[in-house]
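Morning, everyone. One structure today, and one residue to look at. Here it is.

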Amino acid sequence: MKIAVYTIALNEEEFVERWYNSVKDADYILIADTGSTDRTAEIAKSLGINVFNISIKPWRFDDARNTALALIPDDIDTVSYTHLTLPT
């Protein structure tokens, strides 16, 4: 069984590594970046996270989540969305 974890991000560089460490056992990890101007995508890519840039206009969380979900490969059996800013 293949498991994917995904999230949506905007200027979340301070949380990317901690989030990655909490989901790194998944078979596929994805961040849908909605226009970060910091190092979010750079850090995520350096960790091996699949990063996609998406644009949602007008902004709607549900549309962003569904756009990100559509980027998950077809061979994944189980998908989980988690917030990037997890409590410590």
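Which side chain of opposite charge is nearest to Glu12, and how far away is it? The answer is Arg18, 8.1 Å away. Glu12 is buried, meaning under 20% relative accessible area with a 1.4 Å probe, protein chains only.

Ground rules. This is a predicted model, where local features need pLDDT of at least 70, side-chain atom pairs count only at pLDDT 80 or more, and totals for chains, interfaces and linings use all residues. Residues are numbered from 1 along each chain as its sequence is written, and side-chain values use heavy atoms, with hydrogens and water left out.

Where does Glu12 sit? In the loop between β1 (3-9) and α1 (16-23). Helices (H or I, at least four residues) and strands (E, at least two) are DSSP runs, numbered from the N terminus. Leaving aside neighbours within four places in sequence, Glu12 is in contact (heavy atoms within 4.5 Å) with Asp38, Thr40, Leu84 and Thr85.

Now the whole protein. Three helices, four strands. From the N terminus, the order is β-α-β-α-β-α-β. The C-alpha atoms fill a box of roughly 35 × 25 × 25 Å along the principal axes. Of the 88 residues, 38% are buried. Take the contacts with a separation of 6 or more: 66% of them join residues 24 or more positions apart.

Methods. Buried < 20%, exposed > 50% of the residue type's maximum accessible area, 1.4 Å probe, protein only. Lys, Arg positive; Asp, Glu negative; His and termini not counted. Salt bridge = Lys/Arg side-chain N within 4 Å of Asp/Glu carboxyl O.
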